[in-house]
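Here is a brisk report on one structure. It covers ring contacts, a sheet and helix packing.

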Amino acid sequence: MNDRPKASAPARETAGSHPTLQAWLKSEDATVVVNEANRLSGMVIDELERRQQLDPSELQKPFTV
Amino acid sequence: MNGESKPRYKVIRYSGAADFSEVLRTDVKTSSTLLERESLRQYFGDYFSEIQLKTIVLEFDYVDRDYLEDYAAYYVRCYEHYERRCCRIHLFKSEFSSDEYDAYLEGSTGTITKEFLNTNYLGFLVVKPLPETFFGRTCITTYPSNGTRFFPVAQKYEATLFGTRLQIAQTLPFQEQDSVVAACATSALWSALQRTSRIFKHGNPSPVDVTRFATERVPAMSRAIPNHGLNPMMMAEAIRRVGLEPFLATTRSGFELKGTLYAYLRGGIPAVLGVDLYDSSKQVAPSPEKTAADDEMIGSHAVTVVGYNMGLAAAVPYGATKFRLKATQIDKIYVHDDQIGPFARMETENHEACVGGKRIPALGTTWKGSTKGNTINAVTEIVLMPLYHKIRIPYQVVLETVLRFDHLIADIKAKAPSPVTSVPDLIWDIYLTTVNDFKTALQKENLISGKKLASVLTSGMPRFLWRATARHGDQTTMDILFDATDIEQGGFVVQIIDYDNAVIPLVTMIAQNFPISQLHPTTRKIMSYLLRVSK
C-alpha cells in the first residue's frame, strides 16, 4: 500500500506481535497507567474549560473604543 | 491634465509619511490631517515603507458602494452638507510620472503598460468626505512573505482604474469606524464578513447594514445610530443575519488563544477579537484589597484577526501533560485595528496587564500610551467567529480528543516495557480545513504515494474537516481527520492516515489488547476506528 515505508526498526518491532508489550497491555499495570493518563489529561482539560467560562455580564459589555 | 476643468486624477511621487499627510490635506482636501492622528500617521508611514510605495494615483470623484449605503442611511439627511463621492488613492511600488501616466491613458506606447501597473500595484484606500475619521474601504497588500508570517484569510481583490483591471494578490478589506454608523465592533465585523461572504457565499453588508443587523433584535438602551459600540450578543446577531452561525470563545492565556485563532484562521475563517485595553504607564490608585495598583483601563475594543507570525523556534509544552501544539509557536497576530491600520501587529509574548491587583496575560499593541512607547496592552475578552452552519464540532472538542490521545501514548511509552520507548514525542498541528483543501494539500505534501494516496484521494469525506497532524522533528507521522459536521456524541473520526509506521502500530496494539471500554470516550473513538480498519 505505502510505496515509501519509513518505519524505524524498533517501531516496526511493535507493529508485529510483541509478546511482552501485549501481555503488559492486558495486565493490571496497564490499567493503572491508563487511569493515571486519563486523570492527568482530565485535569488539564478541566482547567482549560474552567478558564473559558464566560461571565454573563461580559455579553452585555459593548466594544466602543 | 485630461481636458476637463475638474481633474479626475493626479499622479504623485511618494517620499514619506509627512508627504502622505500633505497629500490628504492639499489634494484630497480632508478636513483633518494625519498629522493630528499620530498613531495612524506613523503606522501608514511604516507600512508604506515596508511595502515599498513609490507612486500614488489619486482617483477623484469615486463612488464607493459601502460609503454610498452609509450616506443614504444617515449623512444625506444631515443639515450639514456632506459629499457623496470619495477619493480613491491607488498605491504603486514603481516610480512613474504624471506625463507617463497621461501617455498611457492616451494609448501611447511607453514605459507604462497594463502589465506594468498590475505588477506594481499595492492596493488602494478610499477616503470618505467626512471630518475626523475618513478612511473607508482600504485594500492594501499584506506584509511581504518572510516564511513565518501567514495571512490565511487574505484573498485576491480586484480594482479597476480608468478601465485598467488591477489585482491585489493578498488582502482583506479594512476600514476605520466613522463613529456614526459604525463603531470599532462594526468595522471589525465588516472586515470579517468581507471574507466569509466570499467563502460561504452570503451577501456583502455595508457598515450601516452590519450595525442595523446587530441592533434590530437586540435593542440597546439608547439609539443604534449614531452607534457607540456593539456587545457580543449584538455582534452574534449580525452574524446570524447574514446566514452564518456565531461561535464565541472566551480565552485569555496564550495556549487557548493561539490554538483557537490558528485553528480557524488556517481554515480561512477570520475572528473578531474583543479586548480590554490597559495603559501600563498610568495606574489607578491602589485599594486596600489589591496587592498592586491596576493599570488604567482605556476601554473595550474590537479588531479583526487576519494572520499570525510563527516566530517562536519550538512549540511550548502545555500543562501537566506537556502537550505540544504547533500553534504555540505564534509570537504575533496581525489584526485590522480601525484605530491603528490594516495588518497591525499584536505581540503574544511577555505582555501583562495589572487588573484587580493581579497580573494577567495580555497582548502587546502598537497603541500609544500616555507616555512615550507602546505601553497599551490588550486583555482578551472574547473571540467571535462567523461560521458556516455545517461547522458544528468546535476546536475545543478536537483539542481535548487529541490531548487525551497524545497523553495516553506518552504515558504508555514512558511506563510500558521496551521497545515502546522508541516511539517519538509528537507535536500536533490542529486546524479546520475542507475536503477539497485537504486533498489538494495531500497531493502537494508528498507524504504518501501510489495506491495508498489514491485510496485517500478517492474516499468520501465531509465538506468540513478538522485535521490533526502529528509530527516528530521534520517527519510527519500521522493525520487524524475528524468530521467537523458531526455531533459531539458521534464517532467523528473520518480517517487516520499513517505516514511512517512510527506511532500507529503501537496505538493499534493498544486498541487490540487493552479493554477500550476503560479508555476515555474521546480516545475510544480513535481506538475504535483503528480496531475497525485493522480487522
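How many aromatic pairs does the structure hold over all chains? The structure holds 38. Rings of Phe, Tyr and Trp (its six-membered ring) pair if their centres lie within 6.5 Å; planes under 30 degrees apart count as stacked, over 60 as edge-to-face and the rest as tilted.

## Basis

This is a predicted model: local features need pLDDT of at least 70, side-chain atom pairs count only at pLDDT 80 or more, and totals for chains, interfaces and linings use all residues. Residues are numbered from 1 along each chain as its sequence is written, chains are lettered from A and ligands numbered from 1 in the order in which they are written, and side-chain values use heavy atoms, with hydrogens and water left out.

Helices (H or I, at least four residues) and strands (E, at least two) are DSSP runs, numbered from the N terminus.

## Aromatic pairs

Take Phe20(B) and Phe44(B). Their ring centres are 6.1 Å apart and their planes stand at 55 degrees, so the pair is tilted. Phe20(B) belongs to helix α1 (residues 17–28) of chain B, and Phe44(B) to helix α2 (residues 38–50) of chain B. The pair links distant parts of the chain, 24 residues apart. Phe96(B) and Tyr101(B) form a tilted pair, with 6.0 Å centre to centre and 35 degrees between the planes.

## The four-stranded sheet

Chain B has an open sheet of four strands in the order β18-β19-β20-β21, with antiparallel pairing. Two strands pair if DSSP finds at least two bridges between them. The edge strands are β18 (427–434) and β21 (493–498) of chain B, and each pairs on one side only. On average, neighbouring strands are turned by 20 degrees against each other, direction ignored.

β18(B) and β19(B) pair over eight bridges. Here Tyr431(B) stands opposite Arg467(B). Eight bridges also join β19 (residues 464–472) to β20 (residues 475–483) of chain B. Arg471(B) faces Thr476(B) across that pairing. The two strands form a hairpin with two residues between them, and Gly473(B) in the turn has a positive phi of about 60 degrees. Eight of the nine residues of β19(B) are buried, so this strand is largely enclosed by the rest of the structure.

## Charges over rings

The charged end of Arg266(B) sits over the ring of Tyr431(B), 3.9 Å from its centre. The charged end of Arg463(B) sits over the ring of Tyr388(B), at 4.5 Å from the centre. The criterion is NZ of Lys or CZ of Arg within 6 Å of the ring centre and within 35 degrees of the ring normal.

## Helix packing

Helix α14 (residues 521–534) of chain B lies across β20 and β21 of chain B, at about 65 degrees to β21(B). Axes are lines fitted to C-alpha atoms, for helices over the stretch in contact, and angles run from 0 to 180 degrees between N-to-C directions.

The axes of helix α10 (residues 395–415) of chain B and α14(B) come within 8 Å and cross at roughly 75 degrees. That makes α10(B) roughly perpendicular to α14(B); this class spans 65 to 115 degrees, with under 35 roughly parallel, over 145 roughly antiparallel and the rest oblique. Contact (heavy atoms within 4.5 Å) involves residues including Phe405(B) of α10(B) and Ile526(B) of α14(B).

Key
Buried means under 20% relative accessible area, exposed over 50%, partly exposed in between (1.4 Å probe, protein chains only).
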